[in-house]
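Please keep the coordinates open while you read.

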Amino acid sequence: MSFLRLMRAEWTKLRTVLGWVLGLLAGAGIILGLGLTPSRMGSCGQHGPASDCTPLHGPEGQEVADSFTFVHRTLTGDGTITARVTSFTGQLPTYDGDTMRDGLAPWSKTGLIVKDGTKQGSAYAAVMLTGEHGVRMQYDYVHDEGRPAGAELAPQPVWLRLTRTGDTIKAEQSGDGNAWTEVGTATLPGLPATVTAGLFATSPQYDQQVNQSVVLSGIQGGPSVATGTFERLATTGTWSADWEGEAIGARIGPAEPTGGGGGGTTTRAVGPQPHFEPTADGWTVTGTGDIAPSGPGVTISQTLVGTFLGLIFVVVIGAMSVSAEYRRGMIRTSFAAAPHRGRVLAAKALVVAAAAFVLGLVAAGVAITFGPGVLRDAGVYVTPASVATQLRVAGGTALLLGGCAALAAGLGMLLRRGVTAVTVSVVVVVLPYLLSVTVLPLRASDWLLSVTPAAAFALQQAAPRYAQVDAVYSPADGFFPLSAWGGLAVLALWVAVVLGAAWYRLRRSDA
């Protein structure tokens with residue numbers, strides 16, 4: 001019997017067993033039904049987000065955060081700004097979130113910045129000292145250059161310099177102000193002739209995981225602050241006369257008048273809030289917030305929350321479609337009609353995988369298309385996704401379902417007992433995901449979602465994971481430790497190993 005005829009025969013078996021057909025349809029129906037049901041309620045109001053829920057977008061279209069304390073002047077044309085950072089300190093929230101302790105958030109920042117005005121979301125390039133990642137250059141929110149993440153804090157004091165030449169900004173650092181090392185170069189298309197440049201400080205939300213027991217954990221934290229002390233400011237080019245200061249995207253605290261450097265007049269706040277004040281040879285700038293891509297939000301992945309429930313039906317049918325033949329004694333008939341047992345195994349796995357793939361593709365496609373509208377009507381802001389991302393996530397969900405169906409079919413052939421095969425399929429495919437999004441600490445869930453077939457849930461991740469963003473990227477928020485293709489590779493390896501083991505057992509046994 002040719003392999004094509006064998007596939008047709010297996011398809012006939014699958015579609016003529018009403019329970020199997022209904023099981024696969026139920027799996028797809030659950031994904032679709034939960035995808036079109038509001039799984040959370042928001043606060044943006046009905047019929048679309050209210051104005052206070054409309055996100056900020058950067059020059060390249062991504063959603064961004066742009067909140068920092070800025071002491072600045074305007075620069076017309078080309079020029080440079082140089083400063084020596086003599087001190088970089090900060091405060092972090094304690095575990096209870098009600099008090100502060102000394103310390104720097106890993107991605108707290110202070111340094112020099114060139115920006116297209118003071119409007120939030122405008123183009124910028126900055127060279128900065130960070131809490132735990134050394135001296136870096138960042139620009140237009142999503143770009144980060146410099147020493148590898150995890151590099152030790154640069155020794156203080158450190159000299160920083162930004163040089164503007166047309167649309168190009170070059171960042172440099174120095175230990176003595178004489179020998180300079182390039183940190184990075186950025187091109188900001190359309191940068192106007194007159195820009196705003198100066199000193200800044202900011203520090204993001206600081207979150208930390210608190211383990212409540214061996215498996216239970218929670219996230220606690222709060223706003224953090226960072227303070228940079230600058231001296232020996234020097235500029236070249238055409239600059240405005242006076243320094244000005246403001247808290248971009250944040251409210252400055254109780255104001256007190258101070259004398260402004262360069263003859264200007266400014267105000268500053270007291271306490272661990274954004275503030276700035278001149279010193280004998282420079283400025284002290286304290287800020288909170290972030291200049292970076294936005295952290296985790298609600299994405300189209302939220303419309304696929306029913307996938308793990310749908311997978312239960314898929315793996316049950318995948319395992320039963322094979323083990324049932326052993327229970328009824330029909331497997332010998334199948335092998336008599338097709339003596340090449342490896343082909344029989346391949347046909348069974350391919351047929352059930354193809355059925356799960358098609359149904360999953362339809363269910364995911366409909367959920368992704370219409371689900372975000374349902375969430376928005378419930379007052380939830382959903383991060384927009386490109387058509388390419390929607391297609392990738394829908395196709396990835398179908399691959400997840402199809403691959404797990406093939407895995408379950410292989411387990412059915414390997415273990416030959418329906419209850420055992422179904423139990424093992426659920427334990428290795430569904431349970432790791434369920435534990436990871438509910439009770440496991442992040443480190444344990446990351447490990448589990450890297451070595452089990454549930455790693456393929458990474459195919460549903462719809463938003464990038466930025467290394468330069470202090471945020472808790474958890475599976476519950478749709479973020480996974482592996483890339484989409486890395487997760488698919490783990491699932492494919494499991495399928496290959498299980499089918500290989502099942503084929504080996506077939507060759508060593510009578511049936």
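1. Overall make-up. This is a predicted model. The protein chain has nine helices and 20 strands. Of its 511 residues, 50% are buried. Take the contacts with a separation of 6 or more: 71% of them join residues 24 or more positions apart.

2. H6 against H9, geometry. Helix H6 spans residues 387-415, and helix H9 spans residues 484-508. Their axes lie 8 Å apart, at an angle of about 20°. Angles under 35 degrees count as roughly parallel, so H6 and H9 are roughly parallel to each other. Their crossing is left-handed.

3. H6 against H9, residues. The H6 side includes Arg-392, Leu-399, Leu-400, Gly-403, Cys-404 and Ala-406. Leu-407, Gly-410, Leu-411, Met-413, Leu-414 and Leu-415 are also among the H6 residues in this contact. On H9, the residues they meet include Ala-484, Leu-488, Leu-491, Trp-494, Val-495 and Val-498. Leu-499, Ala-501, Ala-502, Arg-505 and Leu-506 belong to the H9 side as well. By class, the contact has 19 nonpolar, two polar and two charged residues.

4. H5 against H9. Helix H5 covers residues 341-377. The axes of H5 and H9 come within 9 Å and cross at roughly 145°. This crossing is right-handed. H5 contributes Arg-341, Gly-342, Leu-345 and Ala-349. H9 contributes Leu-499, Ala-502, Trp-503 and Leu-506. The contact of H5 with H9 has six nonpolar, one polar and one charged residues.

5. Aromatic pairs: Phe-68 and Phe-200. The count of aromatic pairs comes to seven. In one of them, the rings of Phe-68 and Phe-200 have their centres 6.1 Å apart and their planes at 85°. Planes over 60 degrees apart count as edge-to-face, so this pair is edge-to-face. Phe-68 is buried at 1% relative accessibility. Phe-200 is buried too, at 1%. Phe-68, Phe-70 and Phe-200 form one aromatic cluster.

6. Aromatic pairs: Tyr-473 and Phe-479. Here the ring centres are 4.8 Å apart and the planes stand at 65°, so the pair of Tyr-473 and Phe-479 is edge-to-face. Both Tyr-473 and Phe-479 are buried.

7. Pro-204. Which loop holds Pro-204? Pro-204 sits between S11 and strand S12 (206-211). Its relative accessible area is 3%, so Pro-204 is buried. Pro-204 and Phe-68 are 136 residues apart in sequence, yet 9.5 Å apart in space, C-alpha to C-alpha. Setting aside residues up to four places away, Pro-204 touches Ala-105, Trp-107, Ser-108, Ser-224, Gly-289, Asp-290 and Asp-470.

8. Thr-389 is in helix H6. At 17% relative accessibility, Thr-389 counts as buried. Beyond residues up to four places away in sequence, Thr-389 touches Ile-300 and Ala-462. Ser-425 is in helix H7 (residues 418-438). Ser-425 is buried, with a relative accessible area of 1%. Leaving out neighbours within four places, Ser-425 is in contact with Val-315, Ala-319, Ala-408, Leu-411 and Val-430.

9. Positive phi at Asp-140. Asp-140 is not a glycine, yet its phi is positive, at about 45°. Asp-140 lies in the loop between strand S6 (135-139) and strand S7 (143-146). Its relative accessibility is 7%, so Asp-140 counts as buried.

10. Positive phi at Arg-416. What is the phi of Arg-416? The value is near 70°, positive in a residue other than glycine. Arg-416 is in the loop between H6 and H7. Is Arg-416 buried or exposed? The cut-off for buried is under 20% relative accessible area. Arg-416 has 16% relative accessibility, so it counts as buried.

Technical notes
Residues numbered from 1 in each chain as written. Predicted model: local features only at pLDDT ≥ 70, side-chain atom pairs only at ≥ 80, totals over all residues. Heavy atoms only, no water. Axes fitted to C-alpha atoms, helices over the stretch in contact; angles between N-to-C directions. Helix = DSSP H or I, 4+ residues; strand = E, 2+ residues; numbered from the N terminus. Parallel < 35°, antiparallel > 145°, perpendicular 65-115°, else oblique. Left-handed = near helix turned anticlockwise from the far one by under 90°. Contact = heavy atoms within 4.5 Å. Nonpolar A, V, L, I, M, F, W, Y, C, P; charged D, E, K, R; others polar. Phe/Tyr/Trp six-rings, centres within 6.5 Å; stacked < 30°, edge-to-face > 60°. Buried < 20%, exposed > 50% of the residue type's maximum accessible area, 1.4 Å probe, protein only.
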